[in-house]
Structures are given as structure tokens and as C-alpha cells.
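Visitor: I have a new model open and would like to go through it. Can we start with how the strands are put together?
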Amino acid sequence: MEDYPFISVIIPVKDEEKLIKNCLESLKKLNYPKDRLEVIIADGLSKDNTAQIAGEYESKVVRNEKQTVAPGRNIGFRHSRGELIAFSDADCVMDKNWLNNALKYFKQRDIAGTGGPNLAPPGESPFGKAVRFLFLLGSLISMSVQVSDSGKVKIVRSIPGCNAIYKREALKKVMPVNEGLLTCDDTELNYQLRKKGYKLLYTP
């Protein structure tokens with residue numbers, strides 16, 4: 001791959017006007033060449049101003065007629081051009097080095113994807129902190145990395161769909177994901193990749 005491979009960031013959304021601006025603003029500030037990046041918003045027929053806001057940030061907006069996350073990721077993938085595909089959600093804010101920090105791990109042929117934790121931002125509300133605590137409790141029981149803040153790079157069984165970057169060549173072997181799943185489509189995707197002999201990395 002080139003030093004800066006072309007990356008597609010795919011975000012499924014529906015009625016996210018209160019959240020998506022912060023997400024897109026953080027993507028705008030990424031420390032990554034703008035001509036090597038595209039943002040694809042898979043809009044689930046939003047009735048608010050989600051699609052309009054996405055357009056203001058020069059994102060590519062595609063219609064997700066089925067409205068849920070799994071078909072949104074499938075449609076976004078079909079419209080993408082990236083050598084690497086990054087998935088996230090409208091309620092996420094990305095660190096400016098999010099993409100740069102991941103590149104070195106893709107030099108290994110058997111690595112299909114790399115993902116990091118889902119952490120509460122500084123200044124989170126008491127309700128947000130309570131929700132994070134419940135996620136953390138469940139993740140600890142299931143040994144998931146979804147909200148882990150481990151400082152170690154390690155091979156894992158799954159990486160969270162809100163913070164995951166994959167090789168396109170690997171995704172082509174397992175996409176589209178099962179659109180019958182209302183949740184856990186990221187877990188299913190990761191399972192299918194491991195069945196193909198790929199590895200996944202947790203990379204804090």
C-alpha cells in the first residue's frame with residue numbers, strides 16, 4: 001500500500017442531527033490527507049436534518065432503505081472506494097490520529113482489521129457515565145474489548161463496529177453482512193473474517 005492508502009469512513013445513521021455534527025467535525029480535523037479520504041453517510045431515511053448536515057460537510061450521502069445498521073454498512077461498502085474501510089457511528093468523536101495510528105498494523109498480511117475501545121469522552125454527563133459503567137460491566141463478564149482501555153496490542157475475537165478499520169480485500173470475502181441482525185452485526189462480521197483465517201487486533 002502507499003504511505004497513505006485511500007480510506008473510506010462509513011457511518012450508518014438515522015435521525016442523528018443532534019450528534020452527527022460533532023462526529024463530522026472530528027473527521028474534518030483528522031490528521032490525514034483529505035484527498036485520500038472519503039466519508040460515506042448511509043442515511044436510514046432520516047426525518048430530521050441529518051442528511052443535510054452531512055452534505056454540508058461534503059460527505060457522500062447514500063440512501064439506506066432498510067434503515068438499520070447492517071444494511072447501512074453494506075450499502076456504504078458498495079459505494080466505497082477505499083483500500084481500507086473504517087466503520088463508526090454518529091455518536092462517536094474520533095481522535096485526530098485515529099487513522100494514522102492504525103496504518104502500521106496492516107503491513108501484516110493476515111491482519112484483516114484493527115479496532116480500539118469505545119471510551120466515554122471527557123466531560124461526559126452523569127447519564128453517559130452510568131451507561132458506560134453498564135457496558136463495562138457486561139464487557140468484563142464477556143471478555144469483550146468493546147469498552148476496554150487496555151494499553152496492550154493483542155489479537156482478539158472481535159472489534160467494535162464503532163471503532164474498526166478493515167482491509168477492503170478481506171471484507172470483500174465476507175460482505176454483505178447479515179441484514180437480519182438488528183445488533184451484533186459487527187460480531188458476526190468479525191466471526192466470518194476469522195473463519196477465513198484472518199486475525200483481528202485490538203490496538204489502543
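Guide: One term comes up at once: two strands pair if DSSP finds at least two bridges between them. Keep in mind that this is a predicted model.

Visitor: Fine. In which sense do S1 and S2 pair, and over how many bridges?
Guide: S1 and S2 pair in the parallel sense, and 7 bridges hold that pairing. Within it, isoleucine 11 stands opposite isoleucine 41 of S2.

Visitor: How does the chain get from S1 to S2, and what is the hand of the crossover?
Guide: The path leads from S1 through helix H1, residues 20-28, to S2. This β-α-β crossover is right-handed.

Visitor: And S4, how does that run against S1?
Guide: S1 and S4 run parallel, joined by 4 bridges. Isoleucine 7 has leucine 84 in S4 as its bridge partner.

Visitor: Is S1 buried or exposed?
Guide: Buried: 7 of the 7 residues of S1 are, so the strand is largely enclosed by the rest of the structure. Ile7, Val9, Ile11 and Val13 lie on one side, Ser8, Ile10 and Pro12 on the other, and both faces are covered.

Visitor: What is the strand order of the whole sheet?
Guide: The order is S3-S2-S1-S4-S7-S5-S8-S6, an open sheet of 8 strands with mixed pairing. S3 and S6 (154-156) are the edge strands, each pairing on one side only. On average, neighbouring strands are turned by 25° against each other, direction ignored.

Visitor: What does threonine 114 partner in S8?
Guide: Leucine 201. S5 and S8 (residues 199-202) pair in the parallel sense over 4 bridges.

Visitor: And what about S6 and S8, which way do they run?
Guide: They run antiparallel, with 3 bridges between them. Leucine 201 in S8 is the bridge partner of isoleucine 155.

Visitor: Which ones are buried in H3?
Guide: They are Ala70, Pro71, Gly72, Arg73, Asn74, Ile75, Gly76 and Phe77.

Visitor: What covers them?
Guide: The cover includes strands S1 (7-13), S2 (37-43), S3 (60-63) and S4 (84-87), along with helices H6 (168-171) and H7 (185-195).

Visitor: Back to cavities then. How many of 30 Å³ or more does the structure hold?
Guide: It holds 1. The largest cavity has about 30 Å³ of space.

Visitor: What lines the largest cavity?
Guide: The lining consists of Arg73, Phe87, Gly161, Ala164, Tyr166, Asp185, Asp186 and Leu189. S7 and H7 are the elements that give two or more residues to the lining.

Visitor: Which element gives the most?
Guide: H7, with 3 residues. Arg73 is in the lining too, and Arg73 is also among the buried residues of H3.

Key. Residues numbered from 1 in each chain as written. Predicted model: local features only at pLDDT ≥ 70, side-chain atom pairs only at ≥ 80, totals over all residues. Heavy atoms only, no water. Buried < 20%, exposed > 50% of the residue type's maximum accessible area, 1.4 Å probe, protein only. Contact = heavy atoms within 4.5 Å. Right-handed = clockwise from strand over helix to strand, strands pointing away. Axes fitted to C-alpha atoms, helices over the stretch in contact; angles between N-to-C directions. 1 Å grid on protein atoms, 1.4 Å probe; cavity = no way out; pocket = protein on both sides within 12 Å on 5 of 7 lines; lining within 4 Å. Points joined across faces, edges and corners; volume = space filled by probe spheres on them.
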